[in-house]
Amino acid sequence: ALYAAMTEDNSTMLNNLETYYKKLDLNNIEYTDKNGIVLARGHLPEKSNDSKLDFPFTKKMLNSREKSWDYETGKRGVTLKFGVPIFVEKEFAGFIGYGYYINDDFMELMKETLKTDLIFIIKKDTKIAGSTLKGIKTQDIINNYITSGLEGRETREYQRKIGDITYSCLY
């Protein structure tokens, strides 16, 4: 990271990011320096040296300098983002950010792992980003299962029935 920032030679870092991008089946992975400039991308190796300071997750990582996660809505939909800070001799040098698009395919993969049906709802836009349950409409979920369960509650988890099946709702 430090070598790439000092010499503008990102080839080693780029090779590493491309390897992890393929090996972990990521949708994106990039190294962003401490000034918010992306020095290398594993998913778009030809694109670099652009600022990501307008992105909330970048701001969060540059301010906290700690491992973090969040989701972000971008041009390609919703991405579940993870960030790991990079320190060189105890000095913050930037972070590696990577993520997965939250869509039906991702939710099916998670279902295989967790052995349960899942729906990912974007809080800001209140819409379904991905689901393993087919035929469920966003408005039905909001009206019948989410809003009615959250009104006046401070708890973050509760149960709701959809048909004959009881589901845990995490908020």
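## Helix α2 and the sheet

In this predicted model, helix α2 (residues 11-23) lies across strands β1 (28-33), β2 and β6 (91-101), and runs at about 150 degrees to β1. Helices (H or I, at least four residues) and strands (E, at least two) are DSSP runs, numbered from the N terminus. The axes behind the angle are lines fitted to C-alpha atoms, for helices over the stretch in contact, and angles run from 0 to 180 degrees between N-to-C directions.

Six strands form an open sheet in the order β3-β2-β1-β6-β5-β4, with antiparallel pairing. At its edges are β3 (50-51) and β4 (68-74), each of which pairs on one side only. Two strands count as paired if DSSP finds at least two bridges between them. Strand β2 (residues 37-41) is joined to β3 by two bridges, and the two run antiparallel. Isoleucine 37 stands opposite serine 51 in β3.

## Glycine 42

Glycine 42 lies in the loop between β2 and β3. This residue is buried, with a relative accessible area of 5%; buried means under 20% relative accessible area, exposed over 50%, and partly exposed in between (1.4 Å probe, protein chains only).

Leaving aside residues up to four places away in sequence, glycine 42 touches Leu17, Glu18, Tyr21 and Ile29. Contact here means heavy atoms within 4.5 Å. The C-alpha atoms of glycine 42 and leucine 26 are separated by 9.3 Å, and the two residues are 16 residues apart along the chain.

## The chain as a whole

The secondary structure of the chain comes to five helices and ten strands. Of the 171 residues in the chain, 35% are buried. Among contacts with a separation of 6 or more, 34% are between residues 24 or more positions apart.

The accessible surface of the chain is about 11200 Å², and carbon and sulfur atoms account for 50% of that surface. Accessible areas come from the Shrake-Rupley method with a 1.4 Å probe; for residues, only the protein chains shown count as cover.

## Confidence and conventions

The chain averages a pLDDT of 79, and 73% of the residues score at least 70. pLDDT is the predictor's confidence in each residue, from 0 to 100. Among the elements of the chain, helix α3 (residues 56-64) has the highest mean pLDDT (95) and helix α1 (residues 2-7) the lowest (48). Over residues 2-7 pLDDT stays under 50, and the model has eight contacts for them beyond four places in sequence.

Residues are numbered from 1 along each chain as its sequence is written, and side-chain values use heavy atoms, with hydrogens and water left out. Local features need pLDDT of at least 70 and side-chain atom pairs count only at pLDDT 80 or more, whereas totals for chains, interfaces and linings use all residues.
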